[in-house]
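Colleague: I should like to go through this protein with you. Could you take my questions one topic at a time?

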Amino acid sequence: MGSLRGSDGYAVTWADIEAAAARLAGVAVRTPLLESPLLNEQLGFRLLVKAEPLQLTGSFKFRGAYNAIAQFDSAARKAGVIAYSSGNHAQGVAAAASLLGVPATIVMPADAPRIKIDNTRAWGAEIVLYDRAGEDREAIGAQIASDTGATLVRPYDEPQVIAGQATIGLEIVQQAGDAGVGPAAVVIPCGGGGLSSGVAFALSDAWPDTRVWTAEPEGCDDTARSLAAGHRVEAQPGATSICDALLAPMPGELTFPILKGLGVRGLAVSEDSVRHAIGQAFRHFKLVVEPGGAAALAAVLDGKSGWGDAPVLCICSGGNVDPVLYADILKGWAERNPAGRDVRPVING
């Protein structure tokens with residue numbers, strides 16, 4: 001496997017991914033691939049779920065953050081790391097920096113879920129809050145990096161972050177094989193594209209003909225729209241979603257060429273579908289999933305791409321959900337789906 005280059009000239013290579021796997025061995029959790037016979041029977045095909053809510057910090061973001069920060073030299077470690085994030089990358093960077101003895105400053109939106117702010121602070125990071133509607137987090141991060149000499153680690157447009165997220169793809173191939181599943185359709189939640197581009201890249205070696213889709217909330221489906229257009233486009237102006245982890249304004253400069261080059265396609269899901277997926281994850285997998293982390297599962301349960309009876313694999317990418325929101329979602333889901341009733345997903349063809 002060679003490399004796939006983004007428009008900024010950086011490259012993510014197969015060697016990068018293998019090196020990331022070595023760095024993360026014994027540090028990151030090798031999260032399980034879950035399966036529910038009951039849900040499989042209802043769907044009419046095997047569904048396997050990669051459970052990244054069980055990752056350290058409750059999301060896949062720890063992988064990329066640790067892989068990037070672990071490569072700092074002594075001067076960079078002393079100067080510290082700066083990152084901007086709505087929460088999961090924030091926690092990943094804070095945790096990785098703590099484990100590696102690196103000072104961390106995280107720029108977070110003031111409206112980020114309280115659990116994400118509190119957990120980031122608990123890892124010892126300094127937090128700088130900003131107004132998501134009126135301020136530019138990238139400009140704030142760049143200014144802090146300039147003032148302090150800290151290294152900026154972006155949430156997705158970083159080669160070594162992408163390589164770290166790609167290790168999920170390596171695990172998927174091995175674990176699916178152990179479960180008797182070969183190349184399968186794969187659906188991945190997508191914000192800026194760090195997870196989806198990394199995993200698609202990793203899968204392209206062992207499963208070169210597999211079909212890969214991104215999943216985003218409706219209105220914030222900039223990646224799906226960009227893939228359809230063949231170039232990067234922005235999300236719809238003013239679009240909002242409970243999927244706070246998936247609100248990147250457009251695909252990354254580095255991530256999009258990878259997705260496009262590998263023939264990845266995009267899907268969009270409704271808020272109701274996301275809520276339903278969160279309830280189904282609770283029921284069938286006993287897994288706490290945040291809204292953004294449930295987007296891929298929502299797309300599968302909706303039958304967005306006509307899966308047929310072949311196996312499908314999806315990633316649940318995070319579980320850092322506000323407790324009040326989670327309780328509200330489960331309450332509404334339980335009222336619509338009483339215990340003991342055969343709950344089947346709505347198939348939209």
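Colleague: What pLDDT does the protein average?

Modeller: The average is 91, and 94% of the residues score at least 70. The pLDDT is the predictor's confidence in each residue, from 0 to 100.

Colleague: Where does pLDDT stay under 50?

Modeller: One such stretch is residues 5–10, for which the model has 13 contacts beyond four places in sequence. Residues 340–349 also have a pLDDT below 50, with 23 contacts in the model beyond near neighbours in sequence. Contact means heavy atoms within 4.5 Å. Where pLDDT is low, the predicted coordinates should not be read in detail.

Colleague: Now the sheets. In what order do the six strands of the open sheet run?

Modeller: The order is β3-β4-β12-β9-β10-β11, and the pairing is mixed. Strands β3 (33–35) and β11 (265–269) stand at the edges with a single partner strand each, so one side of each has no neighbour in the sheet. Helices (H or I, at least four residues) and strands (E, at least two) are DSSP runs numbered from the N terminus, and two strands pair if DSSP finds at least two bridges between them.

Colleague: Which strands pair with β4?

Modeller: Strand β4 (residues 47–51) pairs with β12 (residues 312–316) in the parallel sense over five bridges, and with β3 in the antiparallel sense over three bridges. Residue K50 stands opposite I315 in β12 and is also the bridge partner of L33. Residue V49 stands opposite C314 in β12.

Colleague: Is β4 enclosed or open?

Modeller: Strand β4 is largely enclosed by the rest of the structure, because five of its five residues are buried. Buried means under 20% relative accessible area, exposed over 50%, and partly exposed in between (1.4 Å probe, protein chains only). Residues L47, V49 and A51 point one way from β4, while L48 and K50 point the other way.

Colleague: And the sheet of four strands, what is its pairing?

Modeller: The pairing there is parallel, in the order β7-β6-β5-β8. The edge strands β7 (126–130) and β8 (151–152) each pair on one side only. Strand β5 (residues 81–84) joins β8 over two bridges, with I82 opposite L152. Helix α6 (residues 114–122) lies across β6 (104–109) and β7, running at about 175 degrees to β6. Such angles run from 0 to 180 degrees between N-to-C directions, with axes fitted to C-alpha atoms, for helices over the stretch in contact.

Colleague: Next, the cores. How many residues has the largest nonpolar core?

Modeller: It has 38 residues, and those with the most contacts inside it are L47, V187 and W307. Helix α13 (residues 295–301) gives the most to this core, with seven residues. A nonpolar core is a set of buried Ala, Val, Leu, Ile, Met, Phe, Trp, Tyr and Cys residues joined through side-chain atoms within 4.5 Å.

Colleague: What does W307 touch?

Modeller: Not counting residues up to four places away in sequence, W307 touches F45, A185, V187, W213, L267, A299, V300 and V312. Apart from this core lies another, of 28 residues, among them A68, F72, A97 and V153.

Colleague: Let us turn to V264. Where is it found?

Modeller: Residue V264 is in the loop between α11 (255–261) and β11. At 5% relative accessibility, V264 counts as buried. Its C-alpha atom is separated by 9.9 Å from that of V186, 78 residues apart along the chain.

Colleague: Finally, how many residues of helix α8 are buried?

Modeller: Helix α8 is mostly covered, with 16 of its 20 residues buried. Helix α8 (residues 159–178) reaches 29 Å from its first C-alpha to its last, close to the 28 Å expected at 1.5 Å a residue. The expected span is 1.5 Å times one less than the number of residues. Just after α8, G180 takes a positive phi of about 80 degrees.

Key. Residues numbered from 1 in each chain as written. Heavy atoms only, no water.
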